[in-house]
Amino acid sequence: TALPRDLFSAIADLKRELNAVILAHYYQDPDIQDIADYLGDSLGLSQQAAQTDADVIVFAGVHFMAETAKILNPDKLVLLPDLNAGCSLADSCPPDEFAKFKAKYPDHLVISYINCTADIKAMSDIICTSANAVKIVNQIPADQPIIFAPDRNLGKYVIEQTGRDMVLWQGSCMVHETFSEKKMVQLKIQYPDAEVIAHPECEEVVLRHADYIGSTTALLNYCQKSDRQSFIVVTEPGIIHQMQKAAPDKQFIPAPPLNQCACNECPHMRLNTLEKLYLAMKTKTPEITLPESTRIAALRPIQKMLAMSV
Ligand code: 13P
Ligand code: SF4
């Protein structure tokens, strides 16, 4: 399929034609962020997916996000511009190994971070995101033991915030484990007035230097409200596009990776491009599909999360 000269207006035309909505995460390419109907963190994106009346959801994010939208909307067409846009964190929790792990703790409630596959969601009792993990864990009776999967870093952070002793699956995000504590401390010395804002998928050694920890939306809101002028941003740098738009006079410094070979851009998120997004809408592929039995089992813990987040 030949590409039109003006992708922005061609996408707008297709959106009308298909009655489509474009949902995008902050780690997407800035061009994609600019054409999205809704931009948000994982919680906001799943809330939008739960309430949209569009016929087609174009999901500019990674597979588990689009899959969550499909679980919530079995009758809608859910498109992901590049089906290979996976997630290292979701990949770090294979379903067969998780089933064995879970069997070792039969009395435990399973709370899973939304960054996991539908098969893991289907084995979970409640889903959470970085925006509501602490709130959800705090709603569980104190004598109820909990397994938290798959992110060990978010898990450790939630344990610290709630005082709950949870069993953690040892998964992690390749992007958020690429930050260097030493380089961050050097940056703090270089910019003594800057506040450090970090995502809870980062390791504890990095989080201990943070002035504020939150989901991507929480970080964006925080830097707008803060009276500081500069921020060291310790998450995927795609979000800086929105921070700069929301607060053009403030300075946003991306935290450096471990070494020159490493990169803090998420290689999965960045597989989506404006061109692929256009082609997905034009050809109505690639589409997210999943077995109905898995979908039904995965829907229950997502609905619990949505109910517990209000
Ligand atoms: P949130 O946007 O929900 O904070 O998640 C960050 C992330 O890593 C998504 O993959
Ligand atoms: Fe997964 Fe990490 Fe990329 Fe988010 S940033 S999609 S958690 S690999």
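Predicted model: local features only at pLDDT ≥ 70, side-chain atom pairs only at ≥ 80, totals over all residues.
**The whole chain**

The C-alpha trace spans about 50 × 50 × 35 Å along its principal axes. For 310 residues, a compact globule would have a radius of gyration near 19 Å, and the 19 Å of this chain agrees with that. Buried residues account for 45% of the 310 residues. Of the contacts between residues at least 6 apart in sequence, 66% join residues at least 24 apart.

**The domains**

Next, colour three selections separately: domain 1 (7-86 + 269-288), domain 2 (89-173 + 298-308) and domain 3 (181-254). The C-alpha centres of domain 1 and domain 2 are 26 Å apart. Twelve residues from domain 1 and 14 residues from domain 2 take part in the contact. On the side of domain 1 that touches domain 2, select helix H3 (42-51) and helix H4 (63-72), the elements that each give two or more residues. That side of domain 1 has five nonpolar, five polar and two charged residues.

Select Asp 82, in the loop between strand S4 (77-79) and helix H5 (88-91). With 20 other C-beta atoms within 10 Å, Asp 82 is buried, because 20 or more are needed for that class. Asp 82 and Lys 276 are 194 residues apart in sequence, yet their C-alpha atoms are 6.9 Å apart in space.

**Ligand 1**

Centre the view on ligand 1 and show Asp 41, Ser 42, Asn 115, Thr 129, Ser 130, Cys 173, His 199, Glu 201, Ser 215 and Thr 216, the residues around it. By class, this shell has one nonpolar, seven polar and two charged residues. Domain 2 (89-173 + 298-308) and domain 3 (181-254) each supply at least three residues to the shell.

An unreviewed UniProt entry places the feature "binding site" at several positions, among them Ser 42, Asn 115, Ser 130, His 199, Glu 201 and Thr 216.

- **Asn 115.** Look in the loop between strand S5 (109-113) and helix H7 (118-122). Asn 115 is buried, with 27 other C-beta atoms within 10 Å. Not counting residues up to four places away in sequence, Asn 115 touches Phe 64, Cys 87, Leu 89, Ala 90 and Asp 151.
- **His 199.** Move to the loop between strand S9 (195-198) and helix H11 (204-207). His 199 counts as buried, with 28 C-beta neighbours inside 10 Å. Beyond neighbours within four places in sequence, the contacts of His 199 are Ser 130, His 176, Thr 216, Leu 219, Val 234 and Thr 235.

**Ligand 2**

Finally, centre on ligand 2. Among the 15 residues around it, those that come nearest are Cys 87, Leu 89, Cys 173, Val 175 and Cys 266. The shell has nine nonpolar, four polar and two charged residues.

Note on methods: Residues numbered from 1 in each chain as written. Chains lettered and ligands numbered in written order. Near = placed C-beta within 6 Å. Nonpolar A, V, L, I, M, F, W, Y, C, P; charged D, E, K, R; others polar. UniProt positions renumbered as here; feature names shortened; annotations may be inferred. Helix = DSSP H or I, 4+ residues; strand = E, 2+ residues; numbered from the N terminus. Buried ≥ 20, exposed ≤ 12 C-beta atoms within 10 Å, placed from the backbone. Contact = placed C-beta atoms within 7 Å. Rg over C-alpha atoms; globule rule 2.2 N^0.38 Å. Domains from an automatic or database assignment.
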